[in-house]
Amino acid sequence: MASDSKYITLIKKTSQSLFPIICNNCGSKTLIPNNLGVCTVCELIIIKEESDSQGKLFETVIPLLTKNSVIEASKALDGLSKSATTPSISYILGVFYGILSDYAYFNLNYNGKGFMEENSSNKYLSLDLTSKSKEFFFRALKLISKLEQKGNDILYLEFMTNIKLGRIFYALNSLKALNANKTEAYCNYANMVYAVESKRKDSESFVKPMFSTSLNSFFYLSKVFTQKKKLEDAITILKFINENVNMPISYAYLIKLESMVAAAGFN
Ligand SMILES: [Zn+2]
């Protein structure tokens, strides 16, 4: 267990060196190193000086993004769907519906006293939220395709949207364009995500340099550990992140790993 505590010490160290901020993309509370960083909720780049009007759009939804208010939150998101006129807003809606879908799914599997009818309604709710999430990710891509010019922020958004949709090949196209522009703020994080999601053998070497600037790097480290079949280490990291950092993606992944372990009859 010595290696576990080593990573948790690192996560604590990083958390203490970062500053709290409200993400100007999605309105969530998060931590970044200085004037520039990656949001732990939406994974978009936060530039401190930029306008926070888009973040304010989600003000009413943020407090509802919890395991216990999935229905209320999805209604609030439905109310915002007409506002999805930009790629970035559409992407955030995709992310938020995805988070709610994970929560609905959680209620399905881990609600010990749940009745069959309740389980099946949670299942349909989760599927419905997943399809809404995909719908908004595709809308983001459609809006991006209509743009005449793509700056780094748009290339990065296109990259992340394809990653969220599991379209690794399309993500690579945006990544190549991003790397050609050599803007570190976007490239370093995107290259890490791509290395892990495409299961590169040396992906850990992309993750480690990000430890000091992004808490999300520890989420990607847990994915690397999973790929290396070090499930216990992956779960230890995810449990700690899940309890201490505002990072809903870590929650869904933790459940997946715990179910895998349970299904395989470990422990
Ligand atoms: Zn955000």
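Me: What counts as a helix or a strand here, and how many of them does the protein chain have?
Reply: Helices (H or I, at least four residues) and strands (E, at least two) are DSSP runs, numbered from the N terminus. The protein chain has 12 helices and four strands. This is a predicted model, where local features need pLDDT of at least 70, side-chain atom pairs count only at pLDDT 80 or more, and totals for chains, interfaces and linings use all residues. Residues are numbered from 1 along each chain as its sequence is written.

Me: What radius of gyration does the protein chain have?
Reply: That radius is taken over C-alpha atoms, and the globule rule is 2.2 Å times the number of residues to the power 0.38. For 267 residues, a compact globule would have a value near 18 Å, and the protein chain agrees with 18 Å. Its C-alpha atoms fill a box of roughly 50 × 45 × 35 Å along the principal axes.

Me: How do I read "buried", and what percentage of the protein chain is buried?
Reply: A residue is buried if 20 or more other C-beta atoms lie within 10 Å of its own, exposed if 12 or fewer, and partly exposed in between; C-beta atoms are placed from the backbone. Here 43% of the 267 residues count as buried.

Me: Which residues of helix α3 are buried?
Reply: In α3 (residues 70-80), they're Val70, Ala73, Ser74 and Leu77. Seen down the axis, they fall within an arc of 95 degrees (the arc of the directions from the helix axis to the C-beta atoms), so they line one face of the helix. On the other side, Ile71, Lys75, Asp78 and Gly79 are exposed.
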